[in-house]
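The sequence and the model are shown first.

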Amino acid sequence: MSTSAQHSPSDAVRSGETVTDRLVEANQRYAADFSDPGMDARPVLQVAVVACMDARLDLHAALGLELGDCHTIRNAGGVVTDDVIRSLTISQRALGTRSVILVHHTGCGLESLTEDFRIELEEEVGQRPAWAVEAFRDVDKDVRQSMQRVRTSPFLLHTDDVRGFVFDVTTGLLREIDPAE
């Protein structure tokens, strides 16, 4: 497993490259040995995973997933927003997924923000964002809210297999959240 300790932005700066340059070079090495896996866009396991964008979450490794197993939808907090519903709707209606797994995590940055973040942005740039920050204080409660948003969406065909979890960033374990609590 590679970590940020092995790849720091300062390494790229020292050689006169940007981090993006380094990533594009890594892609060239990857593509040199790449062969088309011949997969369909439909996930083999018919599951969509909605998770936080936090760099500490290696979802495929944590869930034992392989390339082609799932659709992965990530954003700040793993919050079920209108855009997540859009992606899940396409995933289900056009690409055959039937299950939804929601993964929040301990120590999320959204726990330290408030909706005042939008006001601060407005003061800085002269325009308030149209989107909500979706900050939260209680990760379990936010997972329950996200499960409810999926289960009540009129656009989703399959809402009976929706489960939510909190990933512990220090142990790597998932803790399932009971939607009824």
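In which sense do strands S1 and S2 pair, and over how many bridges?

## The pairing of S1 and S2

The model is predicted. In it, S1 (residues 47–52) pairs with S2 in the parallel sense, over six bridges. Within this pair, Val47 is opposite Cys70 of S2.

## The sheet

S1 and S2 belong to an open sheet of five strands, ordered S2-S1-S3-S4-S5, with mixed pairing. S2 (70–75) and S5 are the edge strands; each has a single partner strand, so one side of each has no neighbour in the sheet. On average, and with direction ignored, neighbouring strands are turned by 25 degrees against each other.

Helix H4 packs on this sheet and touches S1, S2 and S3. The direction of H4 makes about 170 degrees with that of S2.

## Helix H6

H6 comprises 13 residues, 139–151. The N-terminal end of H6 is capped by Asp138, which has a side-chain oxygen 3.0 Å from the backbone nitrogen of Asp140.

## Burial of H6

The buried residues of H6 are Val139, Asp140, Asp142, Val143, Arg144, Ser146, Met147 and Val150.

Methods: Residues are numbered from 1 along each chain as its sequence is written. This is a predicted model: local features need pLDDT of at least 70, side-chain atom pairs count only at pLDDT 80 or more; totals for chains, interfaces and linings use all residues. Side-chain values use heavy atoms; hydrogens and water are left out. Helices (H or I, at least four residues) and strands (E, at least two) are DSSP runs, numbered from the N terminus. The expected span of a helix is 1.5 Å times one less than its number of residues. Buried means under 20% relative accessible area, exposed over 50%, partly exposed in between (1.4 Å probe, protein chains only). A polar contact is a pair of N or O atoms within 3.5 Å; within protein, one must be able to donate a hydrogen and the other to accept it, and residues adjacent in sequence count only if both atoms are side-chain atoms. Two strands pair if DSSP finds at least two bridges between them. Axes are lines fitted to C-alpha atoms, for helices over the stretch in contact, and angles run from 0 to 180 degrees between N-to-C directions. Contact means heavy atoms within 4.5 Å.
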